[in-house]
Amino acid sequence: MKWKRLLAITMLLAAPLNATARLTDIAKDFVNRTTIFSATRVMAPPTASGSYLMSIFINQPSGSLGTITATLRWTDEQGPQSKSLALLDNGLPQGIAFPIRVVANTRVTVETKGTVGTTYDLFVRGVGFWIPAAGKTSLTSYHKDLLQWTNASYPNLQSILTAPSVDKSYLVRVDFDEVPNSAGDVMCVDIISTDEYSGSQTQTGCANPNGVPTMMVFPIRVKAGATLQLMTYHFSPPKWGASPAYNLTVDVIGF
Amino acid sequence: MARKLLASSIIVLALLTTASASLTEVRQDFLNQTATFSSTSVMTAPTSDGSYLITVYLDQPAGGTVSATIGWTDENGNQQQFPVLGGSAWFAVRLKANTTVTVATTGTVSGTYNLFVDGMGFWN
């Protein structure tokens with residue numbers, strides 16, 4: 001009897017996994033590359049046409065810096081499409097996120113061109129929607145919401161997540177809005193992380209007093225054990241103190 | 001031994017459920033459309049304010065001038081509307097409880113077009 005009860009509990013716990021199993025993740029790493037490379041597949045061709053949210057992140061260690069352009073190519077219902085992202089020799093990593101459509105049985109590839117400094121890293125990450133059993137479903141999510149806040153968090157940092165004992169890729173979604181007001185007080189947020197080369201990375205967004213939301217979606221790399229944090233502040237000094245009511249929601253998908 | 005294994009399985013499944021249960025899906029495909037359409041809901045309204053990442057992908061033959069408009073009501077009760085003038089776009093949406101995200105199209109249709117609205121809901 002106990003066994004049956006345990007089995008029933010097990011099946012009940014397993015059920016929600018099936019409910020979310022149609023979200024799949026795509027992960028293809030090109031780490032410590034010393035040369036450019038030609039078109040390389042980043043995922044298995046889907047057996048049915050599908051929708052994806054893809055991201056590209058490129059970085060390189062300090063020292064001899066190169067200039068690399070990565071291009072993702074796919075085929076939608078109208079034909080071949082592509083999106084490129086350039087890593088410049090200024091020491092700053094680059095990331096971009098964008099939706100794509102992939103026709104059944106076609107390839108999604110990435111290639112690089114340009115000049116390599118010492119090495120570079122390229123991470124292609126994505127989420128596929130509604131293709132059962134087409135990939136793994138190890139996506140996790142994290143949240144940090146500041147709802148109806150009326151103060152800047154400055155100078156205090158708010159923690160969103162701490163990376164595990166390995167360097168990790170994340171996709172960050174930010175929505176930042178002020179309750180419409182005539183004070184003209186612009187609130188800003190910094191999303192702060194440390195990448196695998198120990199470089200501090202900050203993404204900044206500012207809310208509009210007219211209530212139109214400021215939206216950001218971007219990929220990041222977070223060094224093992226490092227923390228992803230945020231801080232809100234007034235655009236006009238002083239950075240601290242009372243503010244118009246605002247809502248800040250930060251959601252992160254871990255791959 | 002078998003009992004320990006089963007107990008371990010329960011714990012592992014419980015942990016996995018906690019990790020994955022906080023992502024839900026949004027999907028509405030408008031395939032082979034031959035005409036524009038007015039404001040249409042793309043999801044079931046949540047019962048509490050929610051955070052979403054919504055992507056829009058507009059797929060039409062060369063010469064088509066169809067554009068889409070995505071709209072929603074945020075937690076402050078403000079109506080938000082953004083155009084997608086071709087190609088694709090994403091939106092970080094805060095959605096008021098019991099309201100939905102909508103999409104509409106305008107323009108001149110050349111043959112047929114496809115519009116895909118996909119996304120994820122994030123839940124604590």
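User: In what order do strands S10, S12, S13 and S15 of chain A stand in their open sheet, and is the pairing parallel or antiparallel?

Analyst: The general idea is that strands of a sheet pair through backbone hydrogen bonds, either parallel or antiparallel. Strands here are DSSP runs of E with at least two residues, helices are runs of H or I with at least four residues, and both are numbered from the N terminus. Two strands pair if DSSP finds at least two bridges between them. In this open sheet of chain A the four strands have the order S10-S15-S12-S13, and the pairing is antiparallel. Strand S10 (158–162) and strand S13 (200–206) of chain A each have a single partner strand, so one side of each has no neighbour in the sheet. From one strand to the next, the twist averages 20°; axes are lines fitted to C-alpha atoms, for helices over the stretch in contact, and angles run from 0 to 180 degrees between N-to-C directions.

User: What should I know about the model and its numbering before going on?

Analyst: This is a predicted model, in which local features need pLDDT of at least 70 and side-chain atom pairs count only at pLDDT 80 or more, while totals for chains, interfaces and linings use all residues. Residues are numbered from 1 along each chain as its sequence is written, and chains are lettered from A and ligands numbered from 1 in the order in which they are written.

User: How many bridges join S12 and S15 of chain A?

Analyst: Strand S12 (residues 187–194) and strand S15 (residues 227–234) of chain A run antiparallel and are joined by six bridges. One partner pair to find is A:Ile192 with A:Gln229 in S15(A).

User: Which domains does chain A have, and how far apart are their centres?

Analyst: Domain bounds come from an automatic or database domain assignment. For chain A the assignment gives domain 1 (23–129) and domain 2 (140–254). Their C-alpha centres lie 26 Å apart. Eleven residues from domain 1 of chain A and eleven residues from domain 2 of chain A take part in the contact; two residues are in contact if their C-beta atoms, placed from the backbone, lie within 7 Å. On the domain 1 side, strand S3 (50–59), strand S6 (94–102) and strand S8 (120–129) of chain A each supply at least two residues.

User: Are the residues of strand S8 of chain A buried or exposed?

Analyst: A residue is buried if 20 or more other C-beta atoms lie within 10 Å of its own, exposed if 12 or fewer, and partly exposed in between, with C-beta atoms placed from the backbone. In S8(A), ten of ten residues are buried. Both faces are covered, with A:Leu122 and A:Val124 among the buried residues on one side and A:Phe123 and A:Val127 among those on the other. Strand S1 (residues 23–33) of chain A runs antiparallel to S8(A) and is joined to it by nine bridges, with A:Thr24 opposite A:Gly128. S3(A) is also joined to S8(A) by nine bridges in antiparallel direction, and here A:Ser55 is the bridge partner of A:Arg125.

User: Which residues have the most contacts inside the largest nonpolar core?

Analyst: A nonpolar core is a set of buried Ala, Val, Leu, Ile, Met, Phe, Trp, Tyr and Cys residues joined through C-beta atoms within 7 Å. The largest one has 80 residues, and A:Val124, A:Val172 and B:Ile54 have the most contacts inside it. Both domain 1 (23–129) and domain 2 (140–254) of chain A give residues to this core, so it lies between them. Beyond its neighbours within four places in sequence, A:Val172 is in contact with residues including A:Ile191, A:Phe218 and A:Val250.
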